[in-house]
Structure formats: C-alpha cells, structure tokens
Amino acid sequence: MQGAQGSGDNIHETVGAYALGILDDTEATQFEMHLATCEWCGQQLDELAGMEPMLAALADLPAAQGTPAIGESLSAKPTTGLADRLVGEVVQHRAKKTRRNFFMLAAGVALIVGGPTAVFATTGGGDDTPTASNTLSTSPAKDAFDNMPASDKVSGTDASTAVSATVGMESKAWGTHAVLELKNVKGPEKCSLIAVGKNGERETVTSWSVPEWGYGIKNAKTEQARNPLYVHGGAAFTPDEIDHFEILTFSGKKLVSVKA
C-alpha cells in the first residue's frame with residue numbers, strides 16, 4: 001500500500017491503506033482532506049468498510065514465526081458478533097494459514113482499489129510463503145476502458161518517443177472519469193496523466209510507476225511487458241472543458257499528447 005505523498009504517489013490509491021489503518025497521522029490527515037472532495041474515494045471507502053470485520057479478525061491473530069505481528073499493521077478491532085465468529089473460525093487454522101490469509105486479503109483490497117494489480121499465490125511443497133505472480137490480465141481500469149464506447153475514446157502517438165496512448169472519457173456529476181491505455185513505454189520511470197483545460201488550467205488525473213520491463217512493448221519477450229498499461233482517475237473538468245491530455249514523466253518530459 002502506498003502513502004498519501006502528494007505528487008509522489010496517486011492519492012486515490014491511498015484509500016486501501018487508509019481503510020487498513022496503516023497510514024501515519026500526517027498521511028491520514030492529508031487523505032481525509034482529499035476524501036472530503038472526492039466522490040470516487042468515498043465510494044471505494046464505503047465498499048472497503050464491509051471488509052472491516054475480517055480485517056479486525058486478522059489483526060488479533062499471532063504472527064507467523066520470523067514475521068511482524070499482523071496486529072502491528074492492522075488497527076481495526078471487531079465490534080460485532082460477526083467479527084467474533086470470524087475470529088473463532090480463523091483461529092482454528094491460524095497455525096498454517098495466518099500469513100496466507102493476510103496476503104489473500106491484501107490482494108482483494110488491491111482489486112477493489114483498482115489500477116494495475118498483482119495476485120499473491122502460495123508456492124508448492126507445503127510452503128505457505130506468498131509470492132507475487134504476473135500482473136492480472138484484467139483490472140477495474142481495463143474493464144472500464146473496454147466497456148467505454150469508441151466514440152468516447154481519443155488516441156495519439158508521439159513521433160519522437162513512439163509512445164501511444166488512448167484515453168476514454170466518462171462524464172460524471174463531479175467531472176470526468178478518465179481511463180488510460182498506454183503502449184510502448186519503457187522503464188524504470190514515473191509518469192502522470194495530465195488533463196489540460198481549454199482555459200489553460202492543468203489537473204493531474206493519476207500517476208504510476210513503469211517497471212524496468214515497460215508496458216505495451218510489441219516485440220517484448222514476456223507477456224507482462226507486451227501488455228499495455230491501464231490506469232484511471234478523475235478530473236474536475238467536464239469532458240467538453242478538456243482540450244487535450246499529456247503523459248509526462250516526473251522529470252517533466254512529455255511522452256505523448258492526445259487531443260480530447
């Protein structure tokens with residue numbers, strides 16, 4: 001989970017860490033200020049609230065040998081009879097499955113939050129230590145992109161960088177839900193999607209990290225590198241107020257511009 005670090009991370013993705021109670025006071029305060037004006041994060045937090053009893057149950061379990069206690073990371077406590085029943089069920093299997101259950105729960109939170117996600121799997125031979133698998137072939141961002149009609153999508157390719165981007169736009173009461181498909185971008189790099197208004201104002205829609213192997217590399221050796229990147233976020237602009245989108249690196253280099 002990532003902290004609410006302003007320009008360094010996408011603050012929308014902090015909703016999962018906030019729900020888990022692992023932000024420090026400064027990060028939590030920053031996210032709560034963002035939450036007051038962000039309908040999308042409010043909806044995600046409402047969905048995550050339904051997982052609180054399980055989070056609380058896991059918080060009370062002892063740690064596996066050689067690892068920090070789960071209760072050190074999860075601050076929620078059970079407050080209902082349902083939580084008590086969950087604790088009873090989990091305790092019966094805690095000797096072998098504590099860490100596995102925690103990582104499966106973390107994967108579930110990542111799926112709700114959205115964006116590029118990874119699943120956690122256990123290795124063979126009776127070892128319950130979780131390891132990260134390849135990126136999932138689908139994600140909430142990709143599903144949203146695939147479900148948008150072609151008439152709501154705009155595309156562009158930069159002649160100098162060869163980076164290609166398609167942005168889908170969905171009108172919302174609060175502004176625009178934007179979904180990005182990005183191809184032929186190489187890493188390691190940190191990037192942002194910027195919406196530029198017809199009035200010249202600029203808004204950061206979302207940001208992400210590009211791993212060393214990149215995304216959407218046509219002739220890459222691995223499927224992971226051949227797959228495009230899908231991310232989404234929001235802007236206060238309405239779709240008809242947006243002039244164009246820019247994908248910039250954190251150092252200010254423009255990778256591609258897409259006319260809205």
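This is a predicted model: local features need pLDDT of at least 70, side-chain atom pairs count only at pLDDT 80 or more; totals for chains, interfaces and linings use all residues.
**Ground rules.** My side-chain values use heavy atoms, with hydrogens and water left out.

**Count.** I looked for salt bridges (a side-chain nitrogen of Lys or Arg within 4 Å of a carboxyl oxygen of Asp or Glu) and the count came to 5.

**Asp146 and Lys142.** I found these side chains joined in a salt bridge at 2.8 Å, N to O. Both residues sit in helix α7 (residues 140-147), 4 residues apart, or about one turn; helices are DSSP runs of H or I with at least four residues, strands are runs of E with at least two, and they are numbered from the N terminus.

**Lys259 and Asp243.** I noted a salt bridge here at 2.7 Å, N to O. This pair links distant parts of the chain, with Lys259 in strand β10 (residues 254-259) and Asp243 in strand β9 (residues 242-249), 16 residues apart. I then checked accessibility (buried is under 20% relative accessible area, exposed over 50%, partly exposed in between, with a 1.4 Å probe and protein chains only): Lys259 is exposed at 55%, and Asp243 is partly exposed at 23%.

**Lys254 and Glu246.** I recorded a salt bridge between these side chains at 3.6 Å, N to O. Lys254 is partly exposed at 40% relative accessibility, whereas Glu246 is buried at 7%. Through shared partners, salt bridges join Arg202, Glu246 and Lys254 into one network.

Key. Residues are numbered from 1 along each chain as its sequence is written.
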